[in-house]
Every structure is written in structure tokens, then in C-alpha cells.
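My notes follow in the order I looked things up.

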Amino acid sequence: MKNIILYTLALLLSVTLGSCHSHSHDHDHAHEHGASEPQMMAAYSDSLEILIEAGNMHAGEETFIIAHITRLSDYKPFDQQQVTFTLSVNGSVSKAVAKRETVGIYRCHITPAKGGIGYLICDAEVAGKSNKATFSVNVCEAGEHNHHHAHESAHASGSNMVTFPKEQSWKIDFATEIITPKPINRVIKGVGKVTNAPENVTTLIAATEGKVRYNNSVAVGASVRSGETLFTLETGDVADNNAAVKFAEAESRYNYTKGEYERKKELVKTRIVTLGDYQSAEAAYLQAKAVYENLKKNFNSGKMELKAPVTGYISDIAVASGDYVAEGTPLATLQRDGEVQLFCEVSVRHAEALRNVTDINIELNDGTCLSLDEIKGRITGVGRSIQQECNMIPVTVVAKELKGVVPGNIVNMYLIAPEKSEGIVVPNTALVEEMGRYFVFVQHTPILFEKRLVAPGVTDGRNTRINSGINSGERIVTNGAISLKLAQGTGALDPHAGHVH
């Protein structure tokens, strides 16, 4: 921690207060002459992070400026052709145009006209608008020397310090964020099971008793089309519920009721039969017709065919080919793609908070966390009494778009009930774990980070409350923390990492 404090103080002093004692004529020869290390300074505009490396400034002497410029929108390198630097010291203004050396890196030389404490302004154009970042600088008078030994502290190291050059951060999914107090919600964690919505599940049952035979395409997971034959029932010599006998009886009754209906239809016109007799005959005919046509559609060569009533897939088969089944026996379960249902149970001690739940985050097996809006979901039921013998309250959610999840999956569910409190909250992507302890990377400069031990609290699957370890106003790495952890594991890095020569 002592090294960190020394580094931070030295960096600030190098930017604003450096007294004059010795100077370097050229960045490329700084080490050859034993001169002090170039200054490194960072500032932020509305849209950009600007890290500059500059030679020690002396009135009337040209010095170099190298800028690493990063877009804050995606933390990728800025890609315009040039940026402008303006140096203002005691009313004297010097300007220089920095040309793009490579994507994100700009270089120029500037000559201060006067000595003293002044301001260096970097002006870059983003989407047609000027973005300015300001640096405080100290320019020595001609002949004076600069007591600037920033390199002695700038490269101060410790077991928790990590150097991560901008060129590396540009290659990965990287981002930082200034920590500020945020609302803290009450979170109730549960484990949910995914099932298909009831309206998307159909059970195929035996219309009569007989021996079951599979169609060739019948298998768990197989796709089926509406009207496709899945099973046949062979009734053989069984007298009771024999399909052939049933079909013959249905055909006979159909023919008889049809004749009666047509005869009375004519007689009712002459009032030989009453209107009531005619209506009874019509009802009997329509009923017999429905039974006959249903059997005719599924009866073929002495066998009863059982067809898929919907287009979907087979999720379960309850019988084996060759089994003898009774009428009404479930043979298979068919499901259609569409809405899924998530069902979880939470402890009865959360009964009061469950009334105020406004959102639920769903954490999938791959670590992805989605809100109700993202899955087009809705809370369809929150139990008002406990389940028998388990002291738990059921919660049911229906989701329209939960991709990558199939019925039977188990997911974590974070039920969120807003509460009026604030605290330090960080994205879960900022946390790295080592042997049960959790860390975040605190940014000291855009290329220097401290791995800081923290005490995590409640999480909603996306963000975690931090009980101790970091403070409001500190900037931490929110994306790319794993890469910094790996960089730390490689051991000591080049002390000039992040410098462009």
C-alpha cells in the first residue's frame, strides 16, 4: 500500500508541481543520458479517455507528446486521423497537431514559449463534436532543471499491482466505471425448474385396447407433424373393445340414423311426424356420424391408427412397442415450441417481500443473466399459502423468449423487491475469485491497476453489493478483470510496458 501511495503522489507531482533541476532533450535518449522518465498523465472528456506520455517541458525547447486515446463507448481505440494539442502558460499559447501513428496512438512535438504552471488541452472530434481533455503541466524556464523522477515511483510495484498496456486492453472486452452509491434492492434467491407451458403439452391416449406398434419415426425428441401416424393398435381376437367390432357397430349405427333422419325430414313437412321426433332423429344422426367418421379416419385394415394432434416433438413415450394397453392408457407426450414456465419455491419467511417483487433475473447455466423484459416474461402467480409439508411458497413465471433453455433445465432465479437504501454496487463481471476470496481491480492510471480484496454481499445475478474494500469515487475494471488476473499471474512485466518508443 505504501508503494501505491508513493506512486499516486509522484504522479500528481509530476503533472503539476515538479521543480526544476535536470532535463531530457529527447524521449528516445532519456535512458542513455540518465535523464528522468517521461511524464504520464490521464484525463477524460465526455467521450474519450486520453493517456499521454510527454517529455519534460522547458521554455523554448521542443518536447514530444504521445497520446493513447480510447473511446469510452466501447473502450476501443479512437480512430480519427489527428487531434490537436494546445499548451497555455502565462498567457502564451503553443499549438501542435498530433497525427495518427497507428489506430489509437497519436504523436507530435510542441515547443512551450514560456515557463510556469499551465494547461495542456487535447481536442479530438467525436461524431462531429469537439471533445476536450485538460492536463495541468509545469514548464521549466530556459536553463532551469527539472526534479522529475517519476519513473522511480511510476513503476513502483507490489504483489497486488498490475500493469496492463492500452494496446492489450483494446484487444479484449474491457471497460471501467467510477463507483457511486446506487439503490440496493432486496433479493430473494430461488431455484427454478423449466417446464413447457400447459397449453403446449398434449398427451396421446389409446382410443381402444390392443397391442401397441410404433411408427418407424417414433422416438423421444423426434419431430412430428399434425396428422402424422405415430402408433397403431392391433386388437387381434379380443372380443371386448375390439376395434373392428367397434368400427362395424359405428358404421351400422351411422347408416341407420342417417336413414331415420332423412325419412323424418320429409315426413315433418307433412306433419306426419312431430317436430320433436325430427329433431331427435337429427341429433342421433349427427352423433353417430361424428363417431363413425372419427373411427373411419383412424381405422385401417383391422388396425386403429393414432395420429399426432399437433405439430411439435415427442417429449416422452410411456409404453414399449408390443405392449398390450387398455383403452385410455397414455401412450406419449407431445410438446410444441413456445412459451415456457419457470416454477420455483421460496421460504415462507419471504412472504411479505414477495408481494413487492417487481422483477426477476434468470441466471442460465452459462452464467448469462436475463431480466423479465429480456425474456418477454411475466409473473403469473405468487402463492398465498405454503405448499403442504414443505413450508415453501410457489412462484410461477411464464417466458416467451428463453433461448438455449429446454424443459427440464434448472436455473437460478433472483426475485427483486425494491427497497429504499443505497450502497456500493458493482457488476458481477468486476469480481474475480481466488480460493473463496473476491477481488476487484481498482484503476490508478489507465495502465496501472491494484487488485483489491472486497467483501461481497447480496447479489441479484447481475450486480453485487460490496460491504467493504472499495469506496465511492474510485474507478474499477468492470469488463476484462479476468485478463488482468492472468496478466498478474505472468509475473513482473517490462517496466516500460505502455510506453511507445
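Predicted model: local features only at pLDDT ≥ 70, side-chain atom pairs only at ≥ 80, totals over all residues.

Next I asked which residues of α7 are buried. The helix covers residues 481-489, and I noted Ala481, Leu484, Ala487 and Gln488 as buried. These four lie on the same side of α7, because they cover an arc of only 115 degrees around the axis.

Then I looked up what the buried residues of α7 pack against. I found five strands listed by their residues: β9 (161-163), β30 (432-434), β31 (437-445), β32 (448-459) and β34 (475-479).

I moved on to strands β1 and β2. Strand β1 runs over residues 39-44, and strand β2 over residues 48-54. I asked in which sense they pair. They pair in the antiparallel sense, over 6 bridges. A hairpin of 3 residues joins β1 to β2.

Last, I checked confidence. The chain averages a pLDDT of 82, and 82% of the residues score at least 70. Residues 1-19 stay under 50. The model still has 37 contacts beyond four places in sequence for residues 1-19. Residues 492-501 are also below 50. That stretch has 28 contacts in the model beyond near neighbours in sequence.

Terms used: Residues numbered from 1 in each chain as written. Heavy atoms only, no water. pLDDT = per-residue confidence, 0-100. Contact = heavy atoms within 4.5 Å. Buried < 20%, exposed > 50% of the residue type's maximum accessible area, 1.4 Å probe, protein only. Helix = DSSP H or I, 4+ residues; strand = E, 2+ residues; numbered from the N terminus. Arc of directions from axis to C-beta. Pairing = 2+ DSSP bridges.
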